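These are my notebook entries on a single chain.

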Amino acid sequence: MNANLFENKFVRDKSAAKELYGFWFLKRPIMLFVHIAMAVCISFYIITICSGILSFSELSFPIFLIIFYWVLLFVSYLSQVSTMVKRDSELANGGELLCEITVTDREITHISRGNTQSIGFDKVKYAFSTQNYVAVVTEAKYVYMIKNDGFTLGDSESFIAFLRGKGIKVRR
């Protein structure tokens, strides 16, 4: 059996959900591109309306669509955070969901409420770092969250270096 290289324990709570979905909805490269494109379009529409080239009524539908998209995105973010918190509460029978993660040279193992899941590094697509977490994303988009200050063996920076050594791209 491989020796543990990293160990991490933390309580997954609402702040974890907010960081995870904040990255997912706002900071992923594709989402940044979409948000910038939408902001450029809105700016173009405002300049076009202010200069009198087109009237607001002619551009109201595209402006409405962009605003609707941002509202829908915000509602989706809130919904996903709420769903994760409710699921975790349900799994923990109304208590706190304690997550324990161990990392060996071959796999990441996640233990929570007596359930154990392991995934080999060959199934890891990428990882990303938020203010308080490192999240490892698998090919099936399952996310293993590791809290930066939850390491009982190793540390966050060494873990990120380890992932990069495995050929895993880590987004910051």
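How much accessible surface does the chain have, and what share of it belongs to carbon and sulfur atoms? I noted that the model is predicted, and that its accessible surface comes to about 10200 Å². Carbon and sulfur atoms account for 60% of that surface.

Entry on secondary structure. I found 4 helices and 9 strands in the chain. Read from the N terminus, the order of the elements is β-α-α-α-β-β-β-β-β-β-β-α-β.

Entry on extent. I looked up the radius of gyration and found 21 Å for the chain, whereas a compact globule of 172 residues would have one near 16 Å. Along the principal axes, the C-alpha atoms fill a box of roughly 70 × 40 × 25 Å.

Entry on burial and contacts. I recorded that 39% of the 172 residues are buried. I then considered contacts between residues at least 6 apart in sequence, and 57% of these join residues at least 24 apart.

Entry on charge. I noted 19 positive and 15 negative side chains in the chain. The centres of the two sets lie 5 Å apart.

Entry on helix α1. I located this helix at residues 14-27, which gives it 14 residues. From its first C-alpha to its last, α1 reaches 18 Å, close to the 20 Å expected at 1.5 Å a residue. Which residues of α1 are buried? I listed A16, A17, E19, L20, Y21, G22, F23, W24 and F25 as buried in α1; E19 is one of the buried residues.

Notes
Residues are numbered from 1 along each chain as its sequence is written. This is a predicted model: local features need pLDDT of at least 70, side-chain atom pairs count only at pLDDT 80 or more; totals for chains, interfaces and linings use all residues. Side-chain values use heavy atoms; hydrogens and water are left out. Helices (H or I, at least four residues) and strands (E, at least two) are DSSP runs, numbered from the N terminus. The radius of gyration is taken over C-alpha atoms; the globule rule is 2.2 Å times the number of residues to the power 0.38. Buried means under 20% relative accessible area, exposed over 50%, partly exposed in between (1.4 Å probe, protein chains only). Contact means heavy atoms within 4.5 Å. Accessible areas come from the Shrake-Rupley method with a 1.4 Å probe; for residues, only the protein chains shown count as cover. Lys and Arg count as positive and Asp and Glu as negative; His and the chain ends are not counted. The place of a charge is taken as NZ of Lys, CZ of Arg, CG of Asp or CD of Glu. The expected span of a helix is 1.5 Å times one less than its number of residues.
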